Amino acid sequence: MDVIRVTHFVALALVLAAHVVVAACPTGVDPKASTPLAAVPSTSGCAVKTSHGFSVPDAGCTPGAINPTVDLSILKGGTFKTSCDRNVATSATKKNTTYTTYGLKKPANNTGLKQSCELDHLISLELGGADTLDNIWPQCGPSRVKLATRYFKIKDGVENYLAAKVKNGEISLKDAQQGIAADWTQYISEATTYWSAHKMSGFGSDQ
């Protein structure tokens, strides 16, 4: 292989590498750390529940878990990005097994405007949630509605709302974590009002 061709391949590799953006974790953050809020008595026969007309996970299968190294100082420090610990403690392939755990079939073409399900962190990463299976569940539907009004997009708005409240000192990180794990739907009305007043959309980010 001549020098020109080698140079070409090296340049191409550098270009491709530049597009793979994974944020480095701030000092002190262990992306694999996890403290579950409760034990997981079952890893099969799980079923999605409902609360206030929205889907919530089976508490016996997905109690929620936090990453204790992602504390308030880290979240308020301005350098933490959720990509630093996403798919580190648990691979994307392993997360897909939660569809089977909940007796659901992974939808085909589950991207973009056709996305109907999200492997959701019950306690979002931006609230110090852990990237482990006891904090992840498949949140799907409802069908035949616009993407922005599907359950997982509405929950995104709740997550962003609570993150803003935590950073502003209006709610403790612990209370936000425990509250969203207990029943994320309890905050929907508050979050909707908050984002309306702030004239911006809090819905739609993947946390």
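Tyr194 counts as buried at 16% relative accessibility, where buried means under 20% relative accessible area, exposed over 50% and partly exposed in between (1.4 Å probe, protein chains only). Tyr161 is buried too, at 5%. This is a predicted model: local features need pLDDT of at least 70, side-chain atom pairs count only at pLDDT 80 or more, and totals for chains, interfaces and linings use all residues. Residues are numbered from 1 along each chain as its sequence is written, and side-chain values use heavy atoms, with hydrogens and water left out.

Next, the aromatic rings. Rings of Phe, Tyr and Trp (its six-membered ring) pair if their centres lie within 6.5 Å; planes under 30 degrees apart count as stacked, over 60 as edge-to-face and the rest as tilted. By this rule there are four aromatic pairs. Phe54 and Trp184 form one that is edge-to-face, with 5.9 Å centre to centre and 65° between the planes. Phe54 sits in strand S3 and Trp184 in the loop between H6 and H7, so the pair ties together parts 130 residues apart in sequence. Trp184 has 0% relative accessibility and counts as buried. Tyr161 and Tyr194 make another edge-to-face pair, at 5.2 Å centre to centre and 65° between the planes. That pair links helix H5, which holds Tyr161, to helix H7, which holds Tyr194, across 33 residues. Phe54, Tyr151 and Trp184 form one aromatic cluster.

Helices (H or I, at least four residues) and strands (E, at least two) are DSSP runs, numbered from the N terminus. Ser55 lies in strand S3 (residues 54–56). Ser55 is buried, at 5% relative accessibility. Beyond four places in sequence, Ser55 touches residues including Trp137, Gln139, Tyr151 and Trp184; contact means heavy atoms within 4.5 Å.

Now the core. A nonpolar core is a set of buried Ala, Val, Leu, Ile, Met, Phe, Trp, Tyr and Cys residues joined through side-chain atoms within 4.5 Å. The largest has 32 residues, and Leu127, Val158, Leu162, Ile180 and Trp184 have the most contacts inside it. Helices H2 (72–76), H5 (151–167), H6 (173–183) and H7 (188–197) each supply at least two residues of this core. H5 gives the most, with seven residues. Beyond four places in sequence, the contacts of Ile180 include Leu127, Val158, Leu162 and Tyr187.

What of H5 itself? Of its 17 residues, 16 are buried, so H5 is largely enclosed by the rest of the structure. Just after H5, Gly169 takes a positive phi of about 75°.

Strands S5 (residues 117–121) and S6 pair in the antiparallel sense over five bridges; two strands pair if DSSP finds at least two bridges between them. Glu118 has Gln139 as its bridge partner in S6, and Leu119 stands opposite Pro138. Four of the five residues of S5 are buried. In S6 (residues 136–140), four of the five are buried, so S6 is largely enclosed by the rest of the structure.

Ala89 lies in the loop between H2 and helix H3 (92–95). Ala89 is partly exposed, at 30% relative accessible area. Its C-alpha atom is 4.4 Å from that of Lys32, 57 residues apart along the chain.

Finally, confidence. pLDDT is the predictor's confidence in each residue, from 0 to 100. The chain averages 87, and 85% of the residues score at least 70. Over residues 1–20 pLDDT stays under 50. Residues 201–207 also stay under 50. Where pLDDT is low, the predicted coordinates should not be read in detail.
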